[in-house]
Amino acid sequence: MLGDPGFWKRKRVLVTGGAGFLGSNLCHALAALGARVTALDAMQPEGGANPANLEGAGVMLVRGDLRDTELHSLCDRIDVLFNMAAQTSHMGGQKDPVSDIAINAVAQVRLIQVMRTAAPQAAVLHASTRQFYGRPISLPVNELHPVNPPDANGVSKWAGEQYWMLENRVLHRPVVSLRLTNCYGPRLRIADARQTFLGIWMRKLLENEPFEVWGGEQLRDLAYVDDVTRAFLMAAEQASKPGVSGEVFNLGGSPPISLRDLAGAIIAANGGKGGFTTREFPADRAPIDIGSYHADDSAFRSATGWATQVSLAEGLRLSLDWYRDRMSDYVDLDQAVKA
Ligand SMILES: NC(=O)c1ccc[n+]([C@@H]2O[C@H](COP(=O)([O-])OP(=O)(O)OC[C@H]3O[C@@H](n4cnc5c(N)ncnc54)[C@H](O)[C@@H]3O)[C@@H](O)[C@H]2O)c1
């Protein structure tokens with residue numbers, strides 16, 4: 001169990017972005033803990049949405065867009081909102097910043113206004129990102145690091161988070177925002193690199209083809225999805241506690257590792273099978289690249305008692321094993337998202 005069943009039994013929970021990578025993992029965990037879960041998802045084709053993500057979860061999936069769906073009935077008297085829906089593509093945000101801010105900020109304000117009447121007491125757990133710190137001025141990055149978004153998506157995600165934090169400061173709603181590092185694990189999009197480079201690395205490995213490492217010296221502190229799910233559940237269970245309520249926290253993962261060493265680690269996790277090539281970081285992405293990042297998440301650890309439980313080697317092995325029998329669900333996405 002990733003959370004406390006005594007807390008979650010019969011709780012009414014809404015998970016926005018519930019058919020995506022992190023949202024669906026939360027849905028599985030919440031349903032197993034006895035919560036009554038509704039997942040709202042627009043099934044955006046360019047993100048991590050996949051109907052296969054919710055197979056066997058026992059939750060209700062409502063297909064709808066935060067920008068225009070009737071939200072009152074979905075939010076009515078819920079106890080907890082896990083707010084995972086977002087436009088997550090950095091290049092996508094640069095190409096279409098109007099849609100990016102419409103989802104990540106304007107639709108967030110729409111949801112906030114509905115929540116004021118439909119569920120004024122509900123706790124809100126907001127999925128935020130390390131992205132808007134930009135290229136770190138020092139490592140590890142704590143919550144006092146300046147906000148310096150490198151791209152439009154960083155601006156919209158920062159705005160969305162700040163609107164939610166206002167709900168705490170002005171109306172005293174229990175809100176906690178977790179600024180996530182790169183997450184990985186089962187139910188991640190692996191068809192291509194749109195969700196993370198690790199997705200396409202896993203696909204190539206599982207298809208016995210070499211993958212590409214861009215650069216190689218950049219550091220990352222990858223978070224395994226069960227650790228991330230547990231962090232959200234623990235934050236929700238303590239969302240009314242002073243020192244947790246109204247806070248933004250960084251959430252990191254395993255100790256920092258260079259992408260070159262990570263490539264070696266994932267091949268080792270694949271039983272030593274596989275190979276990779278390295279190439280220069282592509283010129284069109286370089287201006288929005290943040291270089292190395294790893295989080296100082298000591299504030300979250302001491303406020304909630306959270307700690308990672310899954311090592312990088314174990315998380316990579318569990319991830320690869322999970323996809324082996326499910327490749328068709330995760331590779332042929334045109335079919336999957338339309339289904
Ligand atoms: N996965 C990571 O490494 C990571 C890192 C930092 C932050 N985050 C944040 O965590 C959250 C979840 O990320 P994820 O990796 O699960 O992404 P994801 O793309 O797998 O999930 C997001 C889901 O939101 C849905 N969605 C998008 N726009 C919507 C809209 N207008 N209405 C309703 N649903 C909509 C998508 O269809 C998708 O299923 C996001 O807010 C993201 O910014 C994730």
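I began with α5, where the buried residues are Asp100, Ile101, Ile103, Asn104, Ala107, Gln108, Leu111 and Met115. I call a residue buried if 20 or more other C-beta atoms lie within 10 Å of its own, exposed if 12 or fewer, and partly exposed in between, with C-beta atoms placed from the backbone. Helices (H or I, at least four residues) and strands (E, at least two) are DSSP runs, numbered from the N terminus.

The model is predicted: local features need pLDDT of at least 70, side-chain atom pairs count only at pLDDT 80 or more, and totals for chains, interfaces and linings use all residues. Residues are numbered from 1 along each chain as its sequence is written.

I looked up what the buried residues of α5 pack against, and found α3 (72–75), β4 (80–83), α4 (90–95) and α6 (152–171). Contact here means C-beta atoms, placed from the backbone, within 7 Å.

I then checked the length of α5 (residues 97–118): its 22 residues should span 32 Å at 1.5 Å a residue, and the end C-alpha atoms are 30 Å apart, which agrees. The expected span is 1.5 Å times one less than the number of residues. I noted a bend of about 35° in α5 at Ile103, taken as the angle between axes fitted to the seven residues ending there and the seven starting there.

His172 follows α6 with a positive phi, near 65°.

Notes. Contact = placed C-beta atoms within 7 Å.
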